[in-house]
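Let's take a walk through this one together.

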Amino acid sequence: MLRKRTEELGLSYAEAARRAGLSERRFGNYLAGIREPDLATFCRIAEALSVTPNDLLDFPVLEGPGRRADRERLHAAVEALPEDALELILIQLNAVAAEGRKSSAED
């Protein structure tokens, strides 16, 4: 998945390595499967490639189709909000989530 994501972004391996703060050789070792990064390095690589660590691990998707697009749209909307509006929405979102957990527990 590391190789695939780098190519999806149109990055050279050298550029991906630079963005993650790694040498080309070290990044190449991860690409080739010769070595595995420690957790902190793995998280830096994921951040540099604009994905979550789970995305890089290629875990099976446990949610319905389109959910990733929904999360990306939500993230973009959140980034555009002023702080006071974001705080209000977070309070509302937590209330809705708590109600959902309560309903699930009752079932």
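Which side chains meet in a salt bridge at 2.6 Å, N to O? Those of E15 and R18. A quick note before going on: this is a predicted model, where local features need pLDDT of at least 70, side-chain atom pairs count only at pLDDT 80 or more, and totals for chains, interfaces and linings use all residues. Residues are numbered from 1 along each chain as its sequence is written, and side-chain values use heavy atoms, with hydrogens and water left out.

A salt bridge here is a side-chain nitrogen of Lys or Arg within 4 Å of a carboxyl oxygen of Asp or Glu, and the structure holds three. E15 also pairs with R19, at 3.0 Å from N to O, so E15, R18 and R19 are linked in a network. E15 and R18 sit three residues apart in helix α2; helices are DSSP runs of H or I with at least four residues, numbered from the N terminus. R18 counts as exposed at 54% relative accessibility, while E15 is partly exposed at 23% (buried is under 20% relative accessible area, exposed over 50%, partly exposed in between, with a 1.4 Å probe and protein chains only).

R5 is buried, at 14%, whereas E8 is partly exposed, at 46%.

L2 lies in helix α1 too, residues 2-8, and counts as buried at 16% relative accessibility. Leaving aside residues up to four places away in sequence, L2 touches F27, Y30, L31, I45, L49 and L56, where contact means heavy atoms within 4.5 Å.

How values were computed
Helix = DSSP H or I, 4+ residues; strand = E, 2+ residues; numbered from the N terminus.
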